[in-house]
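The exercises below are meant to be worked through with the structure in view. Try each task before reading its solution.

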Amino acid sequence: MDKIVNQKAWFLVLPVFAVVAFSAILPLMTVVNYSMQDTFGNNQFFWNGVGWFKELLDPSTDLGGRFLASLGRNLLFSAIILAIEVPLGIVVALSMPREGWTVAVCLVILALPLLIPWNVVGTIWQIFGRPDIGLLGYTLNSLGFDYNYVSNEFDAWATVIVMDVWHWTSLVALLCYAGLKSIPDAYYQAAQIDGASRWAVFKAIQLPKMNRVLLIAVLLRFMDSFMIYTEPFVVTGGGPGNSTTFVSIELVKIALGQFDLGKAAALSLVYNLIILIVCWVFYTVMTNVGTERPEKKGAA
Amino acid sequence: MHSIPGRRLIISLFLIFLLLPIYWLVNMSFKTNAEIVTTMTLWPHQPTLENYKRIFTDESWYSGYINSLTYVLINTVISIAVALPAAYGFSRYRFLGDKHLFFWLLSNRMAPAAVFALPFFNLYSAINLFDTPWAVALAHCIFNVPLAVWILEGFVSGVPREIDETAFLDGYSFPRFFVKILVPLIASGIGVAAFFCFMFSWVELLLARTLTSVNAKPISAIMTRTVSAAGMDWGLLAAAGVLTIIPGALVIWFVRNYIARGFALGRV
């Protein structure tokens, strides 16, 4: 659909601009301001220039070491959960029943974990995984595994990852399901006449039709896992040691725990910048995918 | 829709995997603490409603649910109200900076809450909104408004432009066209967008906790209170958790037919 050029449309988007600018630009300016200063309490601030940023990117300092370590952990975490959730989500979407009342039941159960407050998700897995009172922890331990997410680093990671898979695979599955639903039956009939194999149907019909929603799924999952805070915080508290301290947890520790405003602000800006860059890459790719097949938009 | 071999087994196993931890929480919420700590039982042997009773009779508990629902509803109303005209604008017109504005909105949906916790604390304290539902509702707009715009834009684009033109030819003014014709046409889209605003505001904790102290404390923050000198009150914690799942489960039921498309942000 060709859009009309009309500058008056700005009036339509003005309310949104005002609300989001109030919530985004004002606070971000505060952050920029803090990031250049140092404070010794008492609301006395001193100009520190780019000092915090230098420290932040230098792994030999305390701040830099903590930031880079948590960044590394966070990237590893995001990579692992994407590697699990995307294929699993596709498989689940392909396994969805075709019609009947079971579709509604499956959809509702799939969406259920997405609507649980994040700290309750943490609580659920905290309880579920405890060796003394949790079904999972108890079962694993009676089977002879020495499973304890509080003291063992590997177990803590496994718990946080399984929790995230539990929490968010449904999102990928629902997105893929929406993509699959938009494929007309004629495509499958044509494939059948050609005698296409199951794998060929997937590769030539289903995957291309899903790539747009998959892109959204990967974007959302990457972003949300990159800023994950509540769930691992409730379950492991960032421990044992610092082994599950992700960037957001580190940031909140510095900002609200130690009230180290300058350091926290510098970390915030770098963190935000990373997110902005990744977001831009995805957005560009996504709009390009959109313009290649403009007939998809608005259909269905 | 073509499916893969063994699909019944796969989907059943996955649904069981999703439901098992939730079942465990529900199971625990009906147990006494003595039963939880001393024995391992797959279902409550001495079922009790004591945990729920405590939540419904103690104001410091149930006020948390009211606080949470208050800011979630305020946020949903604000988000939809400002997002509707914007979605129409983005969908129908090109204007200076539209793509950049759209990207900027999207990037705010992705901004980590942890970055904004401290500045929001300062901002809302400065304008005397700290510890009110309004502070949390406005703070949650930062990710919900862009999301609502994004979803609604997809739905508005699904309405053919001929409908607008016909309405204007029939002498409808813009506001009247908007309320009488466009809004009913995209009612399901508004429902989906409202669902997502509800969802993301309901599940968020970090900002809600940072921006409240006593009067507007959300239920998720109150739940941390179950840790006491006498150890954890697991039964009570579980009951509170179960009660936070219920509003979500209810809204899902209403939008179940639109869920899949909604999660694709109206873009399938």
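Predicted model: local features only at pLDDT ≥ 70, side-chain atom pairs only at ≥ 80, totals over all residues.

Helices are DSSP runs of at least four residues, numbered from the N terminus.

**Exercise 1. Work out where B:Phe14 sits, whether it is buried or exposed, and which residues it touches.**

Step 1: B:Phe14 belongs to helix α1 of chain B, which covers residues 7–29.

Step 2: A residue counts as buried when its relative accessible area is under 20%, and because B:Phe14 has a relative accessibility of 5%, it counts as buried.

Step 3: Once residues up to four places away in sequence are set aside, B:Phe14 touches A:Leu88, A:Val92, A:Leu110, A:Thr169 and A:Ser170.

Step 4: For a distance within chain B, take B:Thr132, which is 118 residues from B:Phe14 along the chain; the C-alpha atoms of the two are separated by 40 Å.

**Exercise 2. Describe the setting of A:Thr169, one of the residues that B:Phe14 touches.**

Step 1: A:Thr169 is part of helix α7 of chain A, residues 153–181.

Step 2: Its relative accessibility is 0%, and therefore A:Thr169 counts as buried.

Step 3: Apart from neighbours within four places in sequence, A:Thr169 is in contact with A:Glu85, A:Leu88, A:Gly89, A:Asp164 and B:Phe14.

**Exercise 3. Decide how far helices α4 and α11 of chain A are covered.**

Step 1: In α4(A), residues 101–111, eight of the eleven residues are buried, so this helix is largely enclosed by the rest of the structure.

Step 2: The buried residues of α4(A) include A:Leu110, which is also among the residues touched by B:Phe14.

Step 3: Helix α11 of chain A, residues 247–257, is mostly covered, with eight of its eleven residues buried; among them are A:Val247, A:Glu250 and A:Ile254.

Step 4: Just after α11(A) comes A:Phe259, which takes a positive phi of about 55°.

**Exercise 4. Characterise the crossing of helices α4 and α10 in chain B.**

Step 1: The axes of α4(B), residues 59–92, and α10(B), residues 187–203, come within 9 Å and cross at roughly 140°.

Step 2: That angle makes α4(B) oblique to α10(B), since an angle has to be over 145 degrees to count as roughly antiparallel.

Step 3: The crossing of α4(B) past α10(B) is right-handed.

Step 4: Residues of α4(B) including B:Leu69, B:Tyr71, B:Asn75 and B:Ile80 meet residues of α10(B) that include B:Ala193, B:Cys197, B:Phe198 and B:Trp202. Sorted by class, this contact has eleven nonpolar, five polar and no charged residues.

**Exercise 5. Summarise chain B as a whole.**

Step 1: Chain B has 14 helices and three strands, and its C-alpha atoms fill a box of roughly 75 × 60 × 30 Å along the principal axes.

Step 2: Of its 268 residues, 60% count as buried.

Step 3: Among the contacts in chain B between residues at least 6 apart in sequence, 75% join residues at least 24 apart.

Conventions:
Residues numbered from 1 in each chain as written. Chains lettered and ligands numbered in written order. Heavy atoms only, no water. Helix = DSSP H or I, 4+ residues; strand = E, 2+ residues; numbered from the N terminus. Buried < 20%, exposed > 50% of the residue type's maximum accessible area, 1.4 Å probe, protein only. Contact = heavy atoms within 4.5 Å. Axes fitted to C-alpha atoms, helices over the stretch in contact; angles between N-to-C directions. Parallel < 35°, antiparallel > 145°, perpendicular 65-115°, else oblique. Left-handed = near helix turned anticlockwise from the far one by under 90°. Nonpolar A, V, L, I, M, F, W, Y, C, P; charged D, E, K, R; others polar.
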